[in-house]
Amino acid sequence: IRCWSNIPFITMPLSRAHGKSFAHRSELKHAKRIVVKLGSAVVTRGDECGLALGRLASIVEQVSMLQNQGREMMIVTSGAVAFGKQRLRHEILLSQSVRQALHSGQNQLKDMAIPVLEARACAAAGQSGLMALYEAMFTQYSICAAQILVTNLDFHDEQKRRNLNGTLHELLRMNIVPIINTNDAVVPPPEPNSDLQGVNVISVKDNDSLAARLAVEMKTDLLIVLSDVEGLFDSPPGSDDAKLIDIFYPGDQQSVTFGTKSRVGMGGMEAKVKAALWALQGGTSVVIANGTHPKISGHVITDIVEGKKVGTFFSEVKPAGPTVEQQGEMARAGGRALAALQPEQRAEIIYRLADLLTDQREEILLANKKDLEEAESKGRLALPLLKRLSLSTSKLNSLAIGLRQIAASSQDSVGRVIRRTRIAKDLDLEQVTVPIGVLLVIFESRPDCLPQVSALAIASGNGLLLKGGKEAAHSNQILHHLTQEALSIHGVKDAVQLVNTREEVEDLCRLDKLIDLIIPRGSSQLVRNIQKAAKGIPVMGHSEGICHVYVDTDASVEKVTRIIRDSKCEYPAACNALETLLIHRDLLRTPLFDQIIDMLRVEQVKIHAGPKFASYLTFSPSEVKSLRTEYGDLECCIEVVDSVQEAVEHIHKYGSSHTDVIITENEKTAEFFLQHVDSACVFWNASTRFSDGYRFGLGAEVGISTSRIHARGPVGIEGLLTTKWLLRGDNHVVSDFSEHGSMKYLHESLPLPQRNTN
């Protein structure tokens, strides 16, 4: 028998077969039976007198939502003492005010002292009101709640334990939410320990242990313990080096230093951890999280059940590799070591990686073949995505060429002086390029992205976290292995990390203390999801690639069909493929227009008519649903415009600022288009498909950005750098430059050092 908090625990609960807890957060969505334990700090107000009604209402709403999904919810709650204290204080103040008004006059009311309120009396006064409040709240969601009060002594009696078990099962069967609490009105006196208000608060430790006991007894899948801290920290929260523990494993207690208890109650985090480990041993998964934070309390319970990274998750299954937090720290340290290398050493690493791509070609293609076979057998990838997933000898050769370009162009990227200023005599200022820090690159179905992005990160001295799609797992694994092999020649293997854990993308986007920039490579939906999920971390990329080609009246017949065919048909799934074709009105019903339509039909491109184009036709193709559509397939929209000015206005209204093209022989018209279209890439008489880092001579790209700050268009090495300022002085102080000081500002521009052009 185990005895914690004066409650005896039988190691194997009655009629409970030893079950298995969930190994990973992602499995929590399968939890059927859930206990939510609400600590005193969660349900009480900051003044510890009365309930936090807003938080309580939010918790009831979340529990009701899960209950209505078909789950079986139970609540272990505190709060009776606080609610009773509020009621009794009100009664005492009212009583005293009447007496003093009769005997002493109104002047003495402000001097009234509130007597010390005994906790059990507060519990007796508050229990019924607390339950009435729960009933009123649950009624709003058409859910019935039932109260169960227990004491420590109830667990000594075998028959009472059986009765409790039976009652709970019957309530759950009838879709009723049991609300369980210790009967604080009759419990033995607590240990002497008073809070600031002079009231002995019933020990929260009882409810922690009670929740764990009931969770195991009832074969619960998940126990959620809500407190006033984010979860379990490796040292007391608030200390300088305290880090939130994402996953806690049995046996990790020695690595944790427990601090003081919460503002109310006597349990503290140590009691919660003991109760959580006991529940875990009994087959119940446990999450300890913050139920008081205003930004997350409104969805903390549902987030936990959805498997999101909230609080501390207790697991018996320890992963073989490092956690993503550890990988982030390794990438940070490795990136700094990488940045400290000589440019020639970073270039050597990239050259070595390029050689490995060709030397290990057979192993890479074999791994890629496994990915392709699995994807085809499961039928989960569309044909364009299968094309992206596929690697070939020619692709690997092109990758190697691109990597060598990066190595050759990276010699003076990090530490390059871009500005020098003499502030005053012997006080010189320099602005130099430095790495951004740690990059998180998330990519789908494109294993060739891994060596490209790795090479750019290496050249720019950045640490790198890579999160690839599971459909390319085998390919990504071998390509990452080769990348680390190349990094090892200069001892910086940890600079590039591949995230293999079951980390959700949304959770990765919350690691703002580990990641400095997120770069998504994939569908527009992926990019939008990441932009929405990223909290406090910049996202570089574009959510859509709605690229336009405008055919002017002065366009060359020979150039038009070639450029349109290449822009739309060469790789229709690419983000730089043509999606909307704008044609000058004067070209309608001309041989050139007929050639364009015939070419698109031969290439089996499905045409959607814009509103104006449809109005010119008796029998038109299907009218487009939206002019802001990225098809990503052999489909495009055709629309008519009256002038180059109207073409520019259309692009600004419906485009995505990615890549837009004009086809014309009129230089004046072309220059107007080039200067007025506000997109990342604007071309004259060239295919939209040239919008690419490799084709621009950057060697490769981490993506194409449509942002208006930092980097725009295909992003190569330059886009992965920022700057810092270096000031070299000799006993300079600002006071010397005051009105009566001895120094004067010069602010002279100094010549830049010669760049290495080899």
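1. Contact here means heavy atoms within 4.5 Å. Helices (H or I, at least four residues) and strands (E, at least two) are DSSP runs, numbered from the N terminus. Axes are lines fitted to C-alpha atoms, for helices over the stretch in contact, and angles run from 0 to 180 degrees between N-to-C directions.

2. The model is predicted: local features need pLDDT of at least 70, side-chain atom pairs count only at pLDDT 80 or more, and totals for chains, interfaces and linings use all residues. Residues are numbered from 1 along each chain as its sequence is written, and side-chain values use heavy atoms, with hydrogens and water left out.

3. The sheet. Four strands form an open sheet in the order β15-β14-β13-β16, with parallel pairing; two strands pair if DSSP finds at least two bridges between them. β15 (496–498) and β16 (517–521) are the edge strands, each with a single partner, so one side of each has no neighbour in the sheet. From one strand to the next the twist averages 20°.

4. Inside the sheet, β13 (residues 438–443) and β14 (residues 463–468) run parallel and are joined by six bridges. I442 stands opposite K467 in β14.

5. Helices on the sheet. Helix α14 (residues 449–460) packs on it, touching β13, β14, β15 and β16. The direction of α14 makes about 165° with that of β14. Helix α17 (residues 524–533) lies across β13 and β16 and runs at about 160° to β16.

6. A helix pair. The axes of α2 (residues 53–68) and α4 (residues 119–139) come within 10 Å and cross at roughly 50°. The two helices are therefore oblique to each other; angles under 35 degrees count as roughly parallel, over 145 as roughly antiparallel, 65 to 115 as roughly perpendicular and the rest as oblique. L53, L56, A57, V60, V63 and S64 of α2 meet L133, Y134, M137 and F138 of α4. These contact residues divide into nine nonpolar, one polar and no charged, where Ala, Val, Leu, Ile, Met, Phe, Trp, Tyr, Cys and Pro count as nonpolar, Asp, Glu, Lys and Arg as charged, and the others, Gly among them, as polar.

7. Positive phi. D426, in the loop between β11 (417–424) and β12 (427–435), has phi near 65°, a positive value in a residue other than glycine. D426 is partly exposed, at 47% relative accessible area (buried is under 20%, exposed over 50%, partly exposed in between; 1.4 Å probe, protein chains only).

8. R589, a residue other than glycine, also has a positive phi, near 60°. R589 lies in the loop between β18 (578–584) and α19 (591–602) and counts as exposed at 64% relative accessibility.
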